[in-house]
Amino acid sequence: MPEILTFDSPLAAAQACGDKILQLIDAARRERGLATLAVSGGHTPRLMFEWMAPRPFDWSGIELFQVDERCVPPDSDQSNYRMMRESLLDAVRIPAKQVHRVDTSLAPADAARTYADEIRGILKVKAGELPVFDVIQLGMGPDGHTASLFPGEPLVQDRAGVTAAVWVEKFKQHRVTLLPGVLQRARHTLSLVTGADKAEALQAVLRGPVDSAQFPIQLVASQAVWYIDGSADAKLQS
Ligand code: 6PG
């Protein structure tokens, strides 16, 4: 059974998740000289990044990646990078070369390939192997999607690839996303899920039958530590 931590508010869940991430990447850096962290976008992580930003944390040796990105300019209000820059990067001293964003100036498929090459390079991935991130932080949509792996997305079955460009019909948007094989290999997976709109999906994901085609976050549900708030937790108790 996954570890589920329920907090009184979205802010408390975000703060706890942010603190855990800092603790885990610090430990990884002490163990291996560097730490690799991939974070999600959307709205939920903003509170977490805003909490992490003023912490007296030394970001040297931390390689920061995106779990997924919308194929929009980095200054678009849809950009996950913009949200991360505004809420975290502009406030912390992390060298630009340690921040690895999806290059959305490229065509989606090229952006995915380029990003995968960057990941392989920094994580020193041997041929035929998959990258192992120290920490991957995920969110979940009300439909049980995670990263940019949405219900019905065939790539939910993929176990060999690193990244891919996907078309998300519901948002009429191309995105670049990490693929299941990478998500499942993380040394630590933290799912930060808050809000009443997630309660229904959370119950299905954590208490219902496993069907990752319908609920892609079930790819990692059992390995993740879940940071949720009371409103997202509402149906779990029933
Ligand atoms: C994205 C995210 C996505 C997100 C969920 C939850 O690009 O949108 O990476 O997987 O985690 O959609 O989004 P909210 O935090 O906005 O609810």
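## Close-up views of a predicted model

**View 1. Strands β9 and β10 lie side by side in the sheet.** Thr-189 has Ala-224 as its bridge partner in β10. The two strands, β9 and β10, are joined in the parallel sense over 5 bridges, where strands are DSSP runs (E, at least two residues), numbered like the helices (H or I, at least four residues) from the N terminus, and two strands count as paired if DSSP finds at least two bridges between them. This is a predicted model, in which local features need pLDDT of at least 70 and side-chain atom pairs count only at pLDDT 80 or more, while totals for chains, interfaces and linings use all residues. Residues are numbered from 1 along each chain as its sequence is written, and side-chain values use heavy atoms, with hydrogens and water left out.

**View 2. The open sheet has 7 strands.** Their order is β1-β10-β9-β6-β2-β3-β5, with parallel pairing. Because β1 and β5 (99-100) stand at the edges, each with a single partner strand, one side of each is left without a neighbour in the sheet.

View 3. β2 pairs with β3 in the parallel sense over 5 bridges, and the partner of Leu-37 in β3 is Leu-64.

**View 4. One face of helix α6.** In α6 (residues 199-207), the buried residues are Ala-199, Ala-201, Leu-202, Val-205 and Leu-206. Seen down the axis of α6, these buried residues fall within an arc of 155°, so they line one face of the helix; the arc is that of the directions from the helix axis to the C-beta atoms. Their cover includes β1 (3-7), β9 (188-193), β10 (224-229) and α7 (230-233).

**View 5. Helices α2 and α3 in contact.** The axes of α2 (residues 45-52) and α3 (residues 80-89) come within 8 Å and cross at roughly 30°; axes are lines fitted to C-alpha atoms, for helices over the stretch in contact, and angles run from 0 to 180 degrees between N-to-C directions. That makes α2 roughly parallel to α3, a description used for angles under 35 degrees.

Definitions and conventions: Buried means under 20% relative accessible area, exposed over 50%, partly exposed in between (1.4 Å probe, protein chains only). Contact means heavy atoms within 4.5 Å. Angles under 35 degrees count as roughly parallel, over 145 as roughly antiparallel, 65 to 115 as roughly perpendicular and the rest as oblique.
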